[in-house]
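Please open the structure in the viewer and keep the sequence at hand. The stops below are given in the order in which they may be selected.

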Amino acid sequence: MSDNGVVENIKTTQDTPEDEKEAHVQDLLSKKGHISEDADSGLGWIIVFASFVNHVMFFGINLSFGVIYVVLLDYFDTKRGDTAWIGSIPTGILGIVAPVTGILTDKYGCRTVTMSGSVIASSGFVISSFAPNIDILYISYGVLVGIGLGLMYLPSKVIVNQYMKKRRSLANGICSSGGGVGTMAFAAMFQTLNAAYGFRGMFLISGAVVLNAAVCGALYRPKKQGHRKTPPLLDGASELQIKDKVCCKISPIQGYTHLLHNIQYCMFIFGNALATIGIFVPFAHLPRRARDLQVPEHQVAWLLPMIGFASVAGRLFFGWIGDFSCVNIKVLWAWSNILCGICVIVCPFLTSFPLLMGFAAIFGPLSGVWTGLKTVALVDVVGLENLGKALGLMMFAQGFSGFISSPLAGWLYDVTGTYAASFYTAGALFICGGIMVLSQMKLRNVCKQRGSDGVDVKFTVVSVVDP
């Protein structure tokens, strides 16, 4: 393509109303296969169900580590901070591989990447069943399971947002409610399997269960590209819409670079990273804190499932609410951060099983909003067409937060002899994350009033290919 040809095909839409610009982008996306006229169709809801099951696997494993944590502490008799790394490494790893997963998803599709991740995660569980010490578990459970979950999670988010449009918030709420179901199911499954077969049998059978995610990944049918004739000058090219202009083709690395120049996006992922440190502390350490309070073991087993059950209700209800035009998704998501933080700060003052169950019943729906609407809020910031890369970068930052979350709480316990400092720190970071997102929105409004173009930059990458 000649330089003159590129210049001739640069389109300026400064005077075009917002609805016409959006229609232009949606048309281009439909031709690529990101959005089709049959959005929200029966096939779309089948994919929502498949994504729901994979969310059960992903969050069930991540958020039920508190059960595995107690089992490993008793079996290996190691320090709490050292043992907590086993559950934090997968969170860090899946964040580290997230940008690569975004590129692989764009190149090979959601189906191939998800199925590959399922096989890798299953292998990690099987190898963990033969681990003689926690050092091996750092590799088998931490690294392999982390890589596998990272390859499973991001495509399961992207595919749903590609197929769903009118009911996108509800669809994301249904998918993410799998996290609540997974927390209930996997917490109970881990305890049952450990009681019957020991921790080695628990890991071995869990590997077989996780392999079922490959079946769900097989349902992620790639979108068909539309057939339309394009001017010869645009054949094989891509269009990059930066606010009001459409430019030439860019590489994946350039796409990531452009996203990092979006100040709104950077503030959003930084706020999310702070909140991520807080979200894992109750899931990882609440069961152990209950045991320190002399709560009977059979009652401790109900705490994480209660959070999971309440989380499902929150994700479904607020997912339904989020589809109303009068609801600002980012505001709702930001306040869920703040309220989660307040709940976590109050937790150390709760010293009985009924009070801890009350905490679980309140924290569950709020954490469900935090998890369920995060992707929808991100779409509002960067656009659907950039979701894969934007989600990959966000998970990269989120991975570092999850990597240090549980060990930080365990280290604070080892230093202070109580979980109070751990929960106070987690709650404060949660609140800071919510304030950061609200500040990002305020900054956007101020810059709009001043007519600044340097902050509110949304990059829309649309591939237009003549089949």
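Begin by colouring the chain by pLDDT, the predictor's confidence in each residue, from 0 to 100. Helices (H or I, at least four residues) and strands (E, at least two) are DSSP runs, numbered from the N terminus. This is a predicted model, in which local features need pLDDT of at least 70 and side-chain atom pairs count only at pLDDT 80 or more, while totals for chains, interfaces and linings use all residues. Residues are numbered from 1 along each chain as its sequence is written, and side-chain values use heavy atoms, with hydrogens and water left out.

Next, select residues 226-248, where the pLDDT is below 50. Beyond near neighbours in sequence, this stretch has 72 contacts in the model (contact means heavy atoms within 4.5 Å). Where pLDDT is low, the predicted coordinates should not be read in detail.

Now display helix α3 (residues 42-63) together with helix α9 (residues 168-210): their axes lie 4 Å apart, at an angle of about 45 degrees. Axes are lines fitted to C-alpha atoms, for helices over the stretch in contact, and angles run from 0 to 180 degrees between N-to-C directions.

Finally, select H55, which is located in helix α3. H55 counts as buried because its relative accessibility is 1% (buried means under 20% relative accessible area, with a 1.4 Å probe and protein chains only). Leaving aside residues up to four places away in sequence, H55 touches G60, Y153, S156, K157, C175, S176, G178 and G179.

Terms used:
Buried means under 20% relative accessible area, exposed over 50%, partly exposed in between (1.4 Å probe, protein chains only).
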